[in-house]
Amino acid sequence: MATTATPEVLPGIDRDEETDSQTGREPGYLVICWNDPVNLMDYVTHVFQVVFGWQRQKAEVHMLQVHNQGKSVLVRESMEKAEFYVHQLQKYTLHATMERD
Amino acid sequence: MKLIRTNRKKSIFELSLQEKNLLDEVLKLYPLVPATHHRLSRKSNIAQPNDHQRLLEESLTAQREENRKYVQAMLHQPGHFETTTSGEQLALSGPEIEWLLQVLNDVRVGSWIALGSPDPDQDKKIAFNKKLLPHFRMMELAGEFEMVFLDALTGRASG
């Protein structure tokens, strides 16, 4: 995210539709799954497959990232889509959040 | 409980009467995770975080109410379980197993929260006492049932 061009803009209020001037990308939201000691590894893999339609191998890579590194960035999306994915993951009681990129 | 056969439409599980009673016991606890447990964001760096958080909680509450009705139907309406000579058989479609996984994991995570969210990585241990023991039992039981249902979805036979 650009930090120098528009200092008067309040964070999180009205930059959603703008384009990042440095990267040329639309500002996005990261959907993150965080590690916890209660969700079973096979269960987490399965939920990633269901929610994102991933093949098992890709889902396992992200599950292991969560397990070994404490978190995994699953997708970068618009606010609406990120929110949708967080809802889906939380329906399965995974520890998921969305953060501004 | 074990998976005895599966096809595109249904998976058939065999349970002893004791296992069925344990499954009932777990399912009756649903929902267990507090509605306010989930946070949309850790950093609160999204626009109107309170509105989005409220919508999240409303959405999850509605979902849980829907799930709760399914649980009641499963436990109290005939047709889900069939008594056999060796115990009980439970027939579930793929979507029903998906739903049941959500319910079981809610009980598992809710029990873990009730135990004080123990985490060995952070040296946060369970302070065992008689009051907490049922939560530990339910957390383990829910996980055991989850594994059997996950095996059914991935086509792995369970023992």
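Predicted model: local features only at pLDDT ≥ 70, side-chain atom pairs only at ≥ 80, totals over all residues.
1. Residues are numbered from 1 along each chain as its sequence is written, while chains are lettered from A and ligands numbered from 1 in the order in which they are written.

2. Chain B has 4 helices and 4 strands (DSSP runs: H or I of at least four residues for helices, E of at least two for strands, numbered from the N terminus). Along the sequence they follow the pattern β-β-α-α-β-β-α-α. The C-alpha trace of chain B spans about 55 × 35 × 30 Å along its principal axes.

3. Of the 159 residues in chain B, 28% are buried (20 or more other C-beta atoms within 10 Å of the residue's own, with C-beta atoms placed from the backbone).

4. Do look at helix H4 of chain B, residues 133–153. Its buried residues include B:His135, B:Phe145 and B:Glu146. They pack against S1, S2, H1 and H3 of chain B, and also against H1 of chain A.

5. Where the chains meet, chain A gives 22 residues and chain B gives 30 residues (contact: C-beta atoms, placed from the backbone, within 7 Å). On the side of chain A, helix H1 (41–52), helix H3 (79–91) and strand S3 (96–100) each give two or more residues. The largest share, 5 residues, comes from H3(A).

Key:
Contact = placed C-beta atoms within 7 Å. Buried ≥ 20, exposed ≤ 12 C-beta atoms within 10 Å, placed from the backbone. Expected span 1.5 Å × (residues − 1).
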